[in-house]
Amino acid sequence: MPFDILSLLPEGVIRHLPVLVVLVPLLSAPFCAAIPNWRITWGITLVAIFFSGVAAFGLLQEAYAGEPIVYALGGWAPPLGISFVVDKLNAPFLILVPIIGFLATLFALPTIMKDIVEEKRSLFFTAYLMCLGGLIGVAVTGDAFNLFVFLEISSISTYVLVALGATRDRRALPAAFNYLIMGSIGATFYVIGIGFLYAATGSLNMADIAARLPEVMDSKTVHAGFAFIVAGLALKAAIFPLHQWLPNAYAYAPNFVTVFLSATATKVAFYALARLMFSVFSPELDFQMVIFHWVLAPLGAIAAIVCSFQAVFQTDLRRMLAYSSVAQVGYMLLGLSLASYAGLSAGLFHLFNHAMMKGALFMAVGGVALSLGSTQMKDLAGVARKAPWTMTAMGIAALSLVGVPLTAGFLSKVALFKAALELNMSWVVVVLAMSSVLAVLYVGRILEAGFFKTPGPAQAKVTEAPLMVLIPLWVLALANIYFGLDASFITGLTDGAASVAFSGVQP
């Protein structure tokens, strides 16, 4: 860590950081619901997320300095009680959610005035804090059923957040309903799988399940539980072909919601999948290797190519970027399915880079839409002449998405290439190369329209995005450049996460 955060906090606070990182946003939500002035609730939200971010960095510092942190809730020691756990595998996700959340909250100040009617804005921030707290809870819990509880807290809040986009576009309502149905199916599959594991092991604590599994590993109950868990979390992570809820949710939700979800929600679900597959189960198991090689790897490859191809033909910028997100999840899945230290580290490396890329891209689209009033590709013509700062930041993030050298996206793609070649899986390199070529095509459409086409009458009203949009946008854009030059901080985190997954350290 560049500086010692723990030295700034009282000892009593440090002792309870694992629970405070979740509790502060969740307890702040009712206050937002009770306060009618939405600007005050925006301030409360910002402060709550800032505290969670400080707590998350403190936990990261502790986790990387020693042994995993185990916090027993209510004084009930695991496995009887629920425990929160922080180690090198989940600590990076604990900082990802508050960082993106803080930047997205800055972005929200000007954008929700257009996207959300005033009387609903306080409730909007209430749902947002519940969503953020739920996502952090998914990352920090060491209990398999408690993970389901936090997953549902975040999901139910997300359905509400997406539906609030109906102020701008009525299609947000069916998008939210579709998301609700698909999300409920995924949650049901997951909890059925956990039920099978409980029947086989008699425990819900992840570490305890992992310790008991070797005795019952040949049980059909365990195999069925594993299948249900993978299917449920695959749906939550928008893994192809269980991604159909995502394009409409991203396209019709309020701009702020799309920014936050694209950079966090699927990433946390992907973490949960990695946690259960590597820390509870084991990549050395024969049936799990079959899933890696014959299910997840082909699905990741198909997603990388097919969804990139679909993105090429989209006419709406947000739908284009949504299909791109599914393709990028395919990249991460290919890294995970290599079932190697280098593969998992590379997949997680791309996950964090993708959060920066897509967060910046959706922010830029939202910033342009504030004055343009449209997210259609045809209306982007010549916008860079009217909003150079916004479009330049978009261009940087777009180039990182393609994988241009000196950007973060380039380094994570190289890491994926190396991990695949180490295992002589050259077909993975071919798939990633083909997907990258397709990314050039749809990213090229954005850059051509914005920078090289002649603006028309519709673009005359376009102005530069507000400062509260430009600040978080450029933080993410510059991060894509900085981590393209020196990614040691992120790779240190992802290598640490992979070391936990392959060293038998349990949550």
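Helices (H or I, at least four residues) and strands (E, at least two) are DSSP runs, numbered from the N terminus. The expected span of a helix is 1.5 Å times one less than its number of residues. The model is predicted: local features need pLDDT of at least 70, side-chain atom pairs count only at pLDDT 80 or more, and totals for chains, interfaces and linings use all residues. Residues are numbered from 1 along each chain as its sequence is written, and side-chain values use heavy atoms, without hydrogens and water.

**Helix H4**
- H4 covers residues 91-115, and its 25 residues reach 33 Å from first to last C-alpha, close to the expected 36 Å.
- At Leu109 the helix H4 bends by about 50° (the angle between axes fitted to the seven residues ending there and the seven starting there).
- Pro110 is a proline that follows this bend within four residues.
- Of the 25 residues in H4, 21 are buried (under 20% relative accessible area; exposed is over 50%, partly exposed in between; 1.4 Å probe, protein chains only).

**Helices H7 and H17**
- Ile181 belongs to H7, residues 172-201, and counts as partly exposed because its relative accessibility is 36%.
- Leu441 sits in H17, residues 426-452, and is partly exposed, with a relative accessible area of 45%.
- Between the C-alpha atoms of Leu441 and Trp294, 147 residues apart along the chain, the separation is 29 Å.

**Residues 143-438**
- The end C-alpha atoms of residues 143-438 are 41 Å apart, and this span is 79% helix and 0% strand.
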